[in-house]
Amino acid sequence: LRPVDVLADQLKPGDATDANGAPLLMFSNADCRVYLSRRSNEMPFYTRHVDGDLLCFVHSGAGLLETEFGPLRYRTGDWVYLPKATTWRQI
């Protein structure tokens, strides 16, 4: 394990400008994937991760996730955990 300097503010994920866009895969291995998302528009579709749980940290902003368990609000500094195979979309 060694530090990696990532200038994340200069990266442009597809979901930053396109509602149908996807987050940017930054790092991955057999056990974990790290994505960067800057979604500013409502997702026009629902999705689910069937390979594993989803854990998100909110660096800035606020929003709402529509899930099969009901609405889940989040804001700066929150950790959002969605169990494996949960259907959701970001508002």
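Some ground rules: residues are numbered from 1 along each chain as its sequence is written, and side-chain values use heavy atoms, with hydrogens and water left out. Since the model is predicted, local features need pLDDT of at least 70 and side-chain atom pairs count only at pLDDT 80 or more, while totals for chains, interfaces and linings use all residues.

Okay, the sheet. It's open, with three strands in the order E5-E4-E7 and antiparallel pairing. Strands here are DSSP runs of E, at least two residues, numbered from the N terminus, and two of them pair if DSSP finds at least two bridges between them. So which strands stand at the edges? Those are E5 (70-75) and E7 (88-90); each has a single partner strand, so one side of each is left without a neighbour in the sheet. Strand E4, residues 62-67, is joined to E5 by six bridges, and Leu-65 sits opposite Leu-72 in E5.

Now over to Leu-24, in strand E1. By definition, buried is under 20% relative accessible area, exposed is over 50%, and partly exposed is in between (1.4 Å probe, protein chains only). Leaving aside neighbours within four places in sequence, Leu-24 touches Leu-11, Pro-13, Val-34, Tyr-35 and Leu-36, where contact means heavy atoms within 4.5 Å. Ser-37 is 13 residues away from Leu-24 in sequence, yet their C-alpha atoms are 6.5 Å apart.

Last one: Val-6, in the segment before strand E1 (24-28), is partly exposed too, at 31% relative accessibility.

Definitions and conventions:
Helices (H or I, at least four residues) and strands (E, at least two) are DSSP runs, numbered from the N terminus.
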